[in-house]
Amino acid sequence: MKKLTILTGLAFLISTNVFAAEAIEGNWKTASGETAAIAKCGSAFCVTLKTGKHAGKQIGKMTGSGNSYSGEITDPAADKTYSGSGTVSGNSLSMKGCVLKVLCKSQTWTRL
């Protein structure tokens, strides 16, 4: 009976890890105080504002896994798109947008 319990527990852990959401998925409070949702869209992760003046606007698309992602991010106020990256560390998401990989701006978002 112990063997069956251990095998069942192991199978549950394996299946949970296979279907676990990526670290970047979820709702995040942006540096400007708005809420952004990051969710799977095709083979990437789409960043969509849920609150604020630009609610409903998709402002980014990233690919990656674990804690490192890259793609494009748009400043909705200026309507300019930059190459971007995101790094997840616990409940923080460090977002970086760059022009020509030289002029970069970073901000930290917090998981809600």
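Tutor: Strand E1 (residues 26-29) runs antiparallel to E2, and four bridges join them. Strands here are DSSP runs of E with at least two residues, numbered from the N terminus. Two strands pair if DSSP finds at least two bridges between them. This is a predicted model: local features need pLDDT of at least 70, side-chain atom pairs count only at pLDDT 80 or more, and totals for chains, interfaces and linings use all residues. Residues are numbered from 1 along each chain as its sequence is written, and side-chain values use heavy atoms, with hydrogens and water left out.

Take Trp28. Its bridge partner in E2 is Ala36. E1 and E2 form a hairpin with five residues between them. Gly33, in that turn, has a positive phi of about 95 degrees.

E2 then pairs with E3, again antiparallel, over six bridges. Cys41 has Ala44 of E3 as its bridge partner. Two residues lie between the strands of this hairpin, and Gly42 takes a positive phi near 65 degrees.

Now the core. The largest nonpolar core has 15 residues. Such a core is a set of buried (under 20% relative accessible area, 1.4 Å probe, protein chains only) Ala, Val, Leu, Ile, Met, Phe, Trp, Tyr and Cys residues joined through side-chain atoms within 4.5 Å. Ile24, Ile38, Leu93 and Trp109 have the most contacts inside it. E2 (35-41) and E3 (44-49) are among the strands that each supply at least two residues. E3 gives the most, with three.

Terms used
Buried means under 20% relative accessible area, exposed over 50%, partly exposed in between (1.4 Å probe, protein chains only).
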